[in-house]
Amino acid sequence: QVQLVESGGGLVQAGGSLRLSCAASGRAVSPYAMGWFRQAPGKEREFVAAINWSGGSTYYADSVKGRFTISRDYNKNTVFLQMNSLKPEDTAVYYCAADWISPPGTAQAMGVMTSYDYWGQGTQVTVSS
């Protein structure tokens, strides 16, 4: 049974940093990609960042470029999201997702929710002003 377990959320002041982790287990092979999405109250879930598992190429939403960094531990099927210079508008539940469907054909494909077949339960990030 596939499990994605997120950790690292919390409360931080604006300008601060947090590091999220997501460990994927239950499959014998590594995923094709892993990503982070977020959902703020009253809003739709949106893409944050993703990483191609084999090559390590990354893709970011414009709103987080230069502030967030996605990385991976290839052998442990674990993905990280380092979030710096946090803003109150970054407040949301952050979800980890894994793509075991097919290799992403383009970077933009990694930003689409339907590219992912497994999701974590989410971790709350709250940024106070």
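Which residues are linked with Arg38 in a network of salt bridges? The exercises below work towards this and other features of a predicted model.

**Exercise 1. Trace the salt-bridge network around Arg38.**

Solution. 
- Step 1. Start with the members. Arg38, Glu46, Arg67 and Asp90 are linked in a network of salt bridges.
- Step 2. Take the Glu46 contact. The closest N and O atoms of Arg38 and Glu46 lie 2.7 Å apart, and the pair forms a salt bridge. The cut-off is 4 Å between a side-chain nitrogen of Lys or Arg and a carboxyl oxygen of Asp or Glu, so this pair qualifies.
- Step 3. Check the burial of this pair. Arg38 has a relative accessible area of 5% and is buried. Glu46 is partly exposed, at 36% relative accessibility.
- Step 4. Take the Asp90 contact. A salt bridge also joins the side chains of Arg38 and Asp90, at 2.9 Å from N to O. This pair links distant parts of the chain, 52 residues apart. Arg38 sits in strand β4 (residues 33–39), and Asp90 lies in the loop between β8 (78–83) and β9 (92–99). Both Arg38 and Asp90 are buried.

**Exercise 2. Find how many salt bridges the structure holds, and describe the one formed by Asp62.**

Solution. 
- Step 1. The total is four salt bridges.
- Step 2. Asp62 pairs with Lys65. Their closest N and O atoms are 3.2 Å apart.
- Step 3. Is Asp62 buried or exposed? Asp62 has a relative accessible area of 65%, so it counts as exposed.

**Exercise 3. Work out the strand order of the open four-stranded sheet and name its edges.**

Solution. 
- Step 1. Write the order. The sheet runs β1-β3-β8-β7, with antiparallel pairing.
- Step 2. Find the edges. β1 (3–7) and β7 (68–73) each have a single partner strand, so one side of each is left without a neighbour in the sheet.
- Step 3. Look at the β1 end. Five bridges join β1 to strand β3 (residues 18–25). Gln3 stands opposite Ser25 in β3.
- Step 4. Look at the β7 end. β7 and β8 run antiparallel and are joined by six bridges. Ile70 has Leu81 of β8 as its bridge partner.

**Exercise 4. Sort the residues of β1 by face.**

Solution. 
- Step 1. Recall the rule. In a regular strand, side chains alternate between the two faces of the sheet.
- Step 2. Assign the residues. Leu4 and Glu6 form the covered face of β1. Gln3, Val5 and Ser7 form the uncovered face.

**Exercise 5. Describe the surroundings of Val48.**

Solution. 
- Step 1. Val48 belongs to strand β5 (residues 46–52).
- Step 2. Check burial. The relative accessible area of Val48 is 0%, so Val48 is buried.
- Step 3. List the contacts. Leaving out residues up to four places away in sequence, Val48 touches Trp36, Phe37, Arg38, Tyr59, Tyr60, Ala61, Val64, Phe68, Leu81 and Tyr94.
- Step 4. Tie this to earlier exercises. Among these contacts are Arg38 and Leu81. Arg38 is a member of the salt-bridge network, and Leu81 is the bridge partner of Ile70.

**Exercise 6. Locate two non-glycine residues with positive phi, Asn77 and Ser85.**

Solution. 
- Step 1. Read the angles. Phi is near 50 degrees for Asn77. Phi of Ser85 is also near 50 degrees.
- Step 2. Asn77 lies in the loop between β7 and β8, and Ser85 in the loop between β8 and β9.
- Step 3. Asn77 is buried, at 10% relative accessible area. Ser85 is partly exposed, at 41%.

Conventions
Residues numbered from 1 in each chain as written. Predicted model: local features only at pLDDT ≥ 70, side-chain atom pairs only at ≥ 80, totals over all residues. Heavy atoms only, no water. Buried < 20%, exposed > 50% of the residue type's maximum accessible area, 1.4 Å probe, protein only. Helix = DSSP H or I, 4+ residues; strand = E, 2+ residues; numbered from the N terminus. Pairing = 2+ DSSP bridges. Contact = heavy atoms within 4.5 Å.
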